[in-house]
Amino acid sequence: MKPLIQLFFRTLRTLLGPVMLLKERLSRPAALQRPAEQQAEVDRQCDNLALYQFTTCPFCIKVRQEMHRLALPIQRMDAQHEAQHRTALQQGSGASKVPCLKITDDASGTVQWLSESGAIIAYLRGRFAA
C-alpha cells in the first residue's frame, strides 16, 4: 500500500509542479528599488544567507516571492535533488524540513537555522525592508 501512495504523490507532484512554477513566475511581485550603494550593501549581507528549499514546495515558493519582492540575491540550495544539500540541512537544522534559512554571522561565524516560511519572511522583512 505504501508504494502505491508514494506513486500517487510522485505523480501528483510531477503534474502540478510545472503549474506551480508557472504561477510563481506570473504572480511575481515587483522588486523593491534601492539606491545602488544601498543595494550593494544588501547584496553583501545576503552572502551570509542560504535558503534550503524544494523547487515546488508551496511554502518555499512563498519565501522566494518575498525574496524577489525585497530584491534579495540569497543563494538557493536544492535539498530535494542534491544529496549534499539535504545532508547539510539535516546536520545543521536537525531535520530535512523546508524552507529553512541558514544565517551565518560575519563576526563570530556562528550559524543559525530558521525554519517555517512565516518566520523566515518576518526575519527578511525585519532585516531588509526599506
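Predicted model: local features only at pLDDT ≥ 70, side-chain atom pairs only at ≥ 80, totals over all residues.
## Orientation of two helices

On the α3 side, the contact is made by F59, K62, V63, E66, M67 and R69. These residues meet S117, I120, I121, L124 and R125 of α5. Sorted by class, the contact of α3 with α5 comprises six nonpolar, one polar and four charged residues.

## Overall architecture

The protein contains five helices and four strands. Read from the N terminus, its elements follow the order α-α-β-α-β-α-β-β-α. The C-alpha trace spans about 55 × 35 × 20 Å along its principal axes.

Of the 130 residues, 33% count as buried. The protein exposes about 8000 Å², and carbon and sulfur atoms supply 58% of that area. Among contacts with a separation of 6 or more, 65% are accounted for by residues 24 or more positions apart.

In soluble globular proteins, nonpolar side chains tend to be buried together. The largest nonpolar core of this model has 16 residues, and those with the most contacts inside it are L49, L72, I74, L101 and L124. At least two residues of this core come from each of α2 (36-46), β1 (49-53), α3 (58-69), β3 (100-104) and α5 (117-128). The greatest contribution is that of α5, with four residues.

A second, separate core has 10 residues, including A50, C60, A79 and C100.

## A buried arginine in a loop

R34 is located in the loop between α1 (2-26) and α2. Residues under 20% relative accessible area are buried, so R34, at 12% relative accessibility, counts as buried.

When residues up to four places away in sequence are not counted, R34 touches Q39, V42, L70, A71, L72 and F128. One of these, L72, is also among the residues with the most contacts inside the largest nonpolar core. R34 and M1 are 33 residues apart along the chain, and their C-alpha atoms are separated by 54 Å.

How values were computed:
Residues numbered from 1 in each chain as written. Heavy atoms only, no water. Core = buried A, V, L, I, M, F, W, Y, C linked by side-chain atoms within 4.5 Å. Buried < 20%, exposed > 50% of the residue type's maximum accessible area, 1.4 Å probe, protein only. Contact = heavy atoms within 4.5 Å. Nonpolar A, V, L, I, M, F, W, Y, C, P; charged D, E, K, R; others polar. Areas by Shrake-Rupley, 256 points an atom, 1.4 Å probe, with all protein chains shown as cover.
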